[in-house]
Amino acid sequence: MDKPLVVGVDGSEPSLHAVDWAADEAALRGAPLRLVYASMWEQYEGAALSPDLGRTSERIHADRIVEAAGRRAQRRRPDVKTVTEVLRDAPVPALVREARTASLLVLGSRGRGDIAELLLGSVSLAVAAHADCPVIVLRGRHEPQPDFAAHGRILLGVGEGKRSSAGVRFAFDEAKRRGVVLEAVRAWRCPAHESTDHPLLAGEPARLHEQQAVETLAEAVDETAAEYPTVDLRCRTPEGTARKVLLDASASADLLVVGARRRNGHFGLQLGRVAHTALHHSACPVAVVPGIE
């Protein structure tokens, strides 16, 4: 695999945990690791400084950040080829550009510049919404040496029809690499106006919606499941909103995989309410996988 795993680093604790997580993932994939720090230091310190004056203080700071991240990755996974680079650009456009040639982009939930009370850093959210490759944002609590297969379970949220196809394949790939269970979930609800007080008909609307969820889930995963016979697939169709069902289940998962729709003629991704909520509230890392409609 020639495409690298790219990690956005900025010296913050979440970004360093992202380095650890991505190093493990790169080792599983046999892929190189690329650590990048984006900074527009020239805008503030001057782009035309004479070469004999050496590096600016911000450039020195940026170099130290990526060098420290590179050493951390090498200590954790010495077998993974790791490169580092400082990019002369703002973080969001730089990382979105990096995603064009990456197999995966890994980010911490928030960086140095974000207010601690924010649920998700603005950079992580913007990049997840516009990147061409899958983006993993490390939500939840992470120990200094994270075990990204602690629960032995990948959680897949299944949406409508073919919108989920890219996410489905990504989830199967991850489950196979890690040797863990893949739990595919399709939530359903019975609208209030369809319920009835008649004792003979009370359960019929609910059964209808549940059956539709079962069929949608099977349509989404069965074909791909046949290509991954060694993956332990478990399908579940619980009642409730997709957002609540997935957030509750994320507490005992190692990774939550959700899809994002890319519509021809529209800029970026339309994350949708489920992906947006997951990025803000999930108890485990979230993979946003772009698909084309």
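How many of the five residues of strand S6 (residues 153-157) are buried? Five of the five are, so S6 is largely enclosed by the rest of the structure. Buried here means under 20% relative accessible area, with exposed set at over 50% and partly exposed in between (1.4 Å probe, protein chains only).

A word on the model itself. It is a predicted one, so local features are taken at pLDDT of at least 70 and side-chain atom pairs only at pLDDT 80 or more, while totals for chains, interfaces and linings use all residues. Residues are numbered from 1 along each chain as its sequence is written, and side-chain values use heavy atoms, with hydrogens and water left out.

Back to S6. Arg153, Leu155 and Gly157 point one way from this strand, and Ile154 and Leu156 point the other way. Strand S7 (residues 181-185) runs parallel to S6, and five bridges link the two; strands count as paired if DSSP finds at least two bridges between them. Within that pairing, Arg153 has Val181 of S7 as its bridge partner.

Another set of parallel strands involves S1 (residues 5-8). Leu5 and Val7 point to one side of S1, Val6 and Gly8 to the other, and all are buried. S1 pairs with strand S2 (residues 33-38) in the parallel sense through four bridges, and with strand S4 (residues 104-108), also parallel, through three bridges. Val6 takes part in both stories: it stands opposite Arg34 in S2 and opposite Leu105 in S4. S4 in turn is joined by four bridges to strand S5 (residues 135-138), again in parallel, and here Leu105 stands opposite Val135. From S5, Val135 and Val137 point one way and Ile136 and Leu138 the other way, and all are buried.

H1 carries Asp20 and Asp24. Asp20 counts as buried because its relative accessibility is 1%, and Asp24 is buried too, with a relative accessible area of 6%. Each has an arginine partner through its side chain: Asp20 makes a polar contact with the side chain of Arg72 at 2.8 Å, and Asp24 makes one with the side chain of Arg76 at 2.6 Å. A polar contact is a pair of N or O atoms within 3.5 Å; within protein, one must be able to donate a hydrogen and the other to accept it, and residues adjacent in sequence count only if both atoms are side-chain atoms.

Then there is the largest pocket, with a volume of about 830 Å³. Of its 30 lining residues, the closest to the centre are Val158, Gly159, Arg186, Ala242 and Val274. Two or more lining residues come from each of helix H7 (204-227), helix H8 (242-250), strand S9 (255-262) and helix H9 (272-281). On a 1 Å grid over the protein atoms alone, a pocket is an open set of points where a 1.4 Å probe fits, with protein on both sides within 12 Å along at least five of seven lines, and lining residues have an atom within 4 Å of a point. Points are joined across faces, edges and corners, and the volume is the space filled by probe spheres set on them. By class, the lining has 12 nonpolar, 11 polar and seven charged residues.

A few pairs of residues bring separate parts of the chain together. Val214 belongs to H7 and is partly exposed, at 36% relative accessible area. Val214 and Thr237 are 23 residues apart in sequence and 6.3 Å apart, C-alpha to C-alpha. Val286, in strand S10 (residues 286-292), counts as buried at 0% relative accessibility, and the C-alpha distance from Val286 to Ala275 is 8.6 Å, at 11 residues apart in sequence.

Key:
Nonpolar A, V, L, I, M, F, W, Y, C, P; charged D, E, K, R; others polar.
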